[in-house]
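Please keep the sequence and the model in view while going through the numbered points.

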Amino acid sequence: AGLKETLSTLVSKVAALDQANTNQGCKIVSLEQTRTTLSSQISTQSSKIAAQSSKIAVMERTDTAQNGRIATLESTKATLTSKITALETAKTSLTNKINTLETAKSSLTKKIAALERTRTSQRSKITALERKATKIVQGPTGSLRSAACLVTCVGNTGKGNTTWTGSSSSGYTYTWVSMSGCGFVSTPIISATVEGGSYTYLVLMSLLYASNTQFSVWMEGWVFTSRYPTGYSPTKPGTSTATSGQWNVHWYATGYVC
């Protein structure tokens with residue numbers, strides 16, 4: 001009876017051990033599953049970490065590139081700031097020079113205005129003296145005006161620039177002289193002479209068709225002189241003679257402008 005109880009106890013213990021072993025196996029299986037799950041999760045996390053590390057590396061490279069660009073921009077900014085400062089300095093210098101020139105210009109303008117006033121005053125005095133020095137006692141039209149309106153105007157038709165018209169075969173030539181710039185209101189008193197080569201001293205000269213704006217000078221024939229008592233007539237004076245000799249008219253006229 002004692003052996004049976006001992007055997008029964010051992011059998012119970014073996015059964016308990018088997019049950020415990022079975023339970024341990026189940027736990028091991030569960031742990032293996034957990035390990036597999038954890039390994040899978042670890043692999044997934046490792047992949048994520050690797051991806052994140054790659055992104056971080058890319059971001060770090062990008063950050064480095066951005067820092068390089070920022071450094072370049074900062075350098076460019078410093079250069080531009082320096083140039084702007086230089087330009088501002090140059091602008092200030094130019095502004096100062098412009099102000100100096102404007103001041104000088106204003107001063108010169110005032111001086112010029114003063115000189116113009118002085119010149120006008122002197123012209124008025126000269127005109128007054130000329131009017132006092134000149135007096136018409138008998139005008140071409142017979143009527144006299146105020147001495148304040150009296151003006152003397154002089155001119156020259158130009159050597160080589162005077163237009164002569166006429167006939168060499170008939171022995172005459174003439175030119176028109178303009179006095180339009182003088183402003184005469186009536187026919188003035190005119191005096192004229194012809195200068196040039198080709199024997200102008202052997203030709204008769206007359207003033208014709210005088211008005212307040214123009215007159216004509218006529219040259220005709222050859223005259224008899226003590227030097228040429230029988231006359232001098234190798235050719236007759238005409239347009240070609242006057243043109244080749246560069247005949248030109250010196251004249252002055254005194255008349256009224258008001």
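1. Is the link of cysteine 149 and cysteine 258 left-handed or right-handed about the S-S bond? The angle about this bond is -105 degrees, and the link is therefore left-handed. Please bear in mind throughout that the model is a predicted one.

2. The overall architecture should be read next. The chain contains two helices and seven strands. Followed along the sequence, these elements give the pattern α-β-β-β-β-β-β-α-β. Helix H1 covers residues 2–133. Of the 258 residues in the chain, 18% count as buried.

3. The contacts within the chain deserve a remark. Among those between residues at least 6 apart in sequence, 69% join residues at least 24 apart. The accessible surface of the chain comes to about 18,300 Å², and 59% of this area belongs to carbon and sulfur atoms.

4. A disulfide is a covalent bond between the sulfur atoms of two cysteines. The structure holds two of them. When the bonded cysteines are numbered in sequence order, the pairing reads 1-4, 2-3.

5. The disulfide that joins cysteine 149 to cysteine 258 has an S to S distance of 1.7 Å. Cysteine 149 lies in the loop between H1 and E1, and cysteine 258 lies in the segment after E7, so this pair ties together parts that are 109 residues apart in sequence.

6. Cysteine 153 is buried, with a relative accessible area of 16%, and cysteine 182 is buried, with 14%.

7. How many aromatic pairs does a search of the whole structure find? The search finds five. One of them is formed by tryptophan 164 and tryptophan 247, with 5.9 Å from centre to centre and 90 degrees between the planes, an edge-to-face arrangement. Tryptophan 164 lies in the loop between strand E1 (150–156) and strand E2 (165–167), and tryptophan 247 lies in the loop between helix H2 (239–244) and strand E7 (248–256), so the pair ties together parts that are 83 residues apart in sequence. Tryptophan 164 is buried, with a relative accessible area of 6%, and tryptophan 247 is buried, with 1%.

8. The aromatic residues also form a cluster: Tyr172, Tyr174 and Trp218 are linked by ring pairs.

9. Finally, the surface carries a nonpolar patch of about 280 Å², made by Leu7, Leu10 and Val11. Leucine 7 is found in helix H1. With a relative accessible area of 53%, leucine 7 is exposed, because the cut-off for that class is over 50%.

Definitions and conventions: Residues are numbered from 1 along each chain as its sequence is written. This is a predicted model: local features need pLDDT of at least 70, side-chain atom pairs count only at pLDDT 80 or more; totals for chains, interfaces and linings use all residues. Side-chain values use heavy atoms; hydrogens and water are left out. Rings of Phe, Tyr and Trp (its six-membered ring) pair if their centres lie within 6.5 Å; planes under 30 degrees apart count as stacked, over 60 as edge-to-face and the rest as tilted. Helices (H or I, at least four residues) and strands (E, at least two) are DSSP runs, numbered from the N terminus. Buried means under 20% relative accessible area, exposed over 50%, partly exposed in between (1.4 Å probe, protein chains only). Patches are made of residues with over 30% relative accessible area and no salt bridge: like charges are joined within 9 Å, nonpolar side chains (Val, Leu, Ile, Met, Phe, Trp, Tyr) within 5 Å. Accessible areas come from the Shrake-Rupley method with a 1.4 Å probe; for residues, only the protein chains shown count as cover. A salt bridge is a side-chain nitrogen of Lys or Arg within 4 Å of a carboxyl oxygen of Asp or Glu. A disulfide is a pair of cysteine sulfur atoms within 2.5 Å. Contact means heavy atoms within 4.5 Å.
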